[in-house]
Amino acid sequence: MSATEATQKDVNGSEPELNRVIGPRLLLLFIVGDILGTGVYALTGSVAGEVGGAAWAPFLVAFVVATITAFSYLELVTRYPQAAGAALYTHKAFGIHFVTFLVAFTVMCSGITSASTASNAFAGFLNDGFDLGFEVGGVGILVTALAFMALVAAVNFRGVGESVKANVVLTLVELSGLLMIIFIGLYAVTQGNADFSRVVVFESPSDKSTFFAITAATSLAFFAMVGFEDSVNMAEECHDPIRDFPKMMLTGLGVTGVIYLLVSITAVALVPVGDLTDPAKGQALTQVVAAGAPDFPFDTIFPFIGMFAVANSALINMLMASRLLYGMANQDVLPRVLGKVHRTRRTPWVSILFTTAISFALIIYVVRASASEEGATSVALLGGTTALLLLCVFTVVNIALIVIRRRPSDHQHFTAPTVLPYVGAITCAFLAGPWARSEEQQEQYVIAGFLLLAGLVLWVVTWLVNRGGRAKKTGFRDIEHLED
């Protein structure tokens, strides 16, 4: 059997299946919660700083690009309704373990890095909300962040049912915060406090043309639109992934896209761009609420909404990372022990422990680095590098679909319009280019290079481990043959 055939290898013997508890509604909330995350809370001011009042335009372009790539994911997840997502599709298309491993490593890095950064943010929001007096980068923040990640691991191990139920609560809270901002904007319009003429004003702080300024802003806004791809790693825990994914993913993208557009338009209409981009005047969306409803204590409520938002981001990313490793272990691309499933809880417990251990190390780095201005810049670059690497992964996924389409499928599946994978590959590759980043952001390529180098080292180790396992298994078969 070739590495590119659709049949999944059973390299881990009689391991129990993952627990299928995710129906269409839970899947929709999972996708919405993952896309919303903290992106729009953190990026509205930054995007406005790149293009002025037309801050909605980069969010719209990012939504279109994400939706095009989502069509490719939908065709692939309904062809191969298994865990591991982008790495699995790369494996099916090319059958080259090295390429598959790099994609898996890249996606895993994006998830664990996001979760670790979210843990630090959770500790910060908790500190602000309850006025605990912890110092930035101090022991109090570190202990809180590590304890939070341990709780995420416990929920993850407990079961996917408990995890998605927690996701429902967290998603509804973070969604309520954004809807609150939109309704405050509508109220401000009725009071004559909104200036929508600013919404069509384009201003670039650099000498970039309109096209390249929007491109640079789109590369920022795109980070707020990723997340839909995490859901395909949960395919083995959905009731009917072939039926549910197309409708739920497109609905989730549509809901979040509309929310992002309304929030960005509201922000610019109520607050001048110069104020939105000035950190001394507070968080951008807090300024929006203060302008539209000055008597509303949003600055007091915001830390708690932020707490729920980053908690959701951490939970979903750790769910994704553990299922990715589980799926790749079942494809014999990662050490097989990562494919072990707990007999009672029916969760990939070894992968959960492994990803949690990595996140602990990253949390220590992120918290300590946040204590200095230089370190905080490095953490911000790490987040930007995550978006860069995901754009590269999206490019590979679109190309993988083009390759896979040449082969027949043994069952009915969703089919994306023929041209979309080509458009998706080109647009994602374009947004991953250096022209889509400012001079300060060029260091993202250096960080990406170091991450991929670390991935190369791990691939060599994995190859040697799996090679030894295969040789041992072959030796046993040879001995049995001789005894016969």
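**First stop: a cavity**

The largest cavity holds about 50 Å³ of space. A cavity here is a set of points on a 1 Å grid over the protein atoms alone where a 1.4 Å probe fits but cannot get out; points are joined across faces, edges and corners, and the volume is the space filled by probe spheres set on them. Before you click on, note that this is a predicted model, with local features needing pLDDT of at least 70, side-chain atom pairs counting only at pLDDT 80 or more, and totals for chains, interfaces and linings using all residues. Residues are numbered from 1 along each chain as its sequence is written, and side-chain values use heavy atoms, leaving out hydrogens and water.

Counting cavities of 30 Å³ or more gives two. Now select the lining of the largest one (residues with an atom within 4 Å of a point): Thr106, Cys109, Ser110, Thr113, Leu382, Thr385, Thr386, Leu389 and Leu451.

**Next stop: two cysteines**

Select Cys392 and Cys428. Why is there no bond between them? Their sulfurs are 9.5 Å apart, which is too far, and a disulfide needs a pair of cysteine sulfur atoms within 2.5 Å. The disulfide count is zero.

Color by accessibility: Cys428 is buried at 0% relative accessibility, while Cys392 is partly exposed at 37% (buried is under 20% relative accessible area, exposed over 50%, partly exposed in between, with a 1.4 Å probe and protein chains only).

Terms used
On a 1 Å grid over the protein atoms alone, a cavity is a set of points where a 1.4 Å probe fits but cannot get out, and a pocket is an open set with protein on both sides within 12 Å along at least five of seven lines; lining residues have an atom within 4 Å of a point.
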